[in-house]
Amino acid sequence: MAKTQSFTCSACGASHTRWSGRCDACGEWNTIIQEAPLSAGPAKKSLGGKRGQSITLSDLSTEETPPPRTLCGVEELDRVLGGGLVPASALLVGGDPGIGKSTLLLQAAARFARNGIKTIYVSGEEASAQVRMRARRLGLEESPVQLAAETNLRDILTTLEAEKPGLAIIDSIQTMWADNVDSAPGSVSQVRAAAHELTTFAKRHGVSIIMVGHVTKEGQIAGPRVVEHMVDTVLYFEGERGHQFRILRAVKNRFGPADEIGVFEMTGKGLAQVTNPSALFLSERGTPSPGSAVFAGIEGTRPVLVELQALVAPSPHSQPRRTVVGWDSGRLAMILAVLEARCGIPFAGLDVYLNVAGGLKVSEPAADLAVAAALLSAREDTALPADTVVFGEISLSGALRPAPQTENRLKEAQKLGFTAAIAPAGGKTGTVAGLTLTRPSDLVGFVGETFGAG
């Protein structure tokens, strides 16, 4: 029985049963190609080596312990990795162009190399002399890191198999070229094939491999989504160009907690870790002004305090603007509707602007109450007390729901000098010395107690 042929669009990755001139999924012309299996061709020319033999689960020795994790010495990076680098793991790091991915990984490579791990940095975008120039600027020219500039995946795997490093960094996966795939580098087929071979090589030879991935204009890692399923850990390097803060966020981690973050600051000597991000995000906060509220949030396992800024102004347009930076615009529309329906506070005819200071992106629902406080403060032109933090989730009925890890949020606020907190009733608070806690039962009570209306 003949094998079924497979055709794939090199632009979007859609699969087709036969060739056609135009892809039905994305509408591109002349992008459908026949996809050859990775093991096609003679065995001596295929990427990788021989396959391992299967064994039953009961045959695994319970006395065997996995190799220990390796710490690089940068606490922020080790935290995001879940406690260090796991041997034979595959990691994918994505981020906007120029955000500092290569700088971060070159600094990490130098740290791991100094800690005794044989490290190879493979660049497909720069020459070795250019990487060495960047290392000299960062003060890493004496680090025992091996550099290579290559895009042919077969040559890279052959070198890795001969050198037997403990860590290999591939910068970037979009520049890799597998000679058994008939498409251009950076296409869906090439990215998928390169990621598959590198991940398989990592598992078979016990080498940790970190791959750099480009991102699209929507902020997603370019290429097929299956690449994120292949690897063990997916990290996003985020930040605004106008701010010196950079955030390394784990969105997938098989060896540690997801949604963990590490905070870095871009300096003239590279990226410096920020051990107290709350103090950094609030460092530029001056005299309290209307529209400002401090939110006590949780990012991964750590509490982070950040300032939410709101501006409410009369709109000259028939349809008022709703502009949000660092938060979900749909959630802002919901809070505005709840304030009008449950508290009788309209925002019709008013432009609303909301910003998360410092370039941080907040996603947890516990920021609802802080956003409502900032909006009401801006609308009533009344500043909230400077020593107060706010957090809590708002339901459509106007009720307030307690946020998880309330005690950790309060302890972080107390550590930074805050003396008051507004949080929903319920939830474990513990005892935090020197902190006055106000616990409204619903949104109407919060408005009445804080702004004297509702």
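Biologist: What is the mean pLDDT of the protein?
Modeller: The mean is 86, and 91% of the residues reach 70 or more; pLDDT is the predictor's confidence in each residue, from 0 to 100. This is a predicted model, where local features need pLDDT of at least 70 and side-chain atom pairs count only at pLDDT 80 or more, while totals for chains, interfaces and linings use all residues. Residues are numbered from 1 along each chain as its sequence is written, and side-chain values use heavy atoms, with hydrogens and water left out.

Biologist: And which elements have the lowest and highest mean pLDDT?
Modeller: Strand β3 (residues 32–34) is lowest at 79, and strand β18 (residues 393–394) is highest at 96. Helices (H or I, at least four residues) and strands (E, at least two) are DSSP runs, numbered from the N terminus.

Biologist: Where is the pLDDT below 50?
Modeller: Over residues 38–51. That stretch still has 19 contacts in the model beyond near neighbours in sequence, a contact being heavy atoms within 4.5 Å.

Biologist: OK, domains. What does the assignment give?
Modeller: Domain 1 is 1–37, domain 2 is 71–274 and domain 3 is 280–451; the bounds come from an automatic or database domain assignment.

Biologist: How many residues do domain 2 and domain 3 put into their contact?
Modeller: Domain 2 gives 15 and domain 3 gives 11. Together they bury about 1200 Å², 60% of it on carbon and sulfur atoms. Buried area here is the accessible area (1.4 Å probe) that two parts lose on being put together, summed over both.

Biologist: How many salt bridges between domain 2 and domain 3?
Modeller: Two, counting a side-chain nitrogen of Lys or Arg within 4 Å of a carboxyl oxygen of Asp or Glu. The whole structure holds 17.

Biologist: Which elements supply at least two residues of the side of domain 2 that touches domain 3?
Modeller: α1 (75–80), β10 (245–253) and β11 (261–267) each do.

Biologist: Switching to backbone: which peptide bond is cis?
Modeller: The one from aspartate 171 to serine 172, with omega near 10 degrees. Serine 172 is in the loop between β7 (167–171) and α5 (188–205).

Biologist: And what is the phi of lysine 164?
Modeller: Positive, about 55 degrees, although lysine 164 is not a glycine. Lysine 164 sits in the loop between α4 (153–163) and β7.
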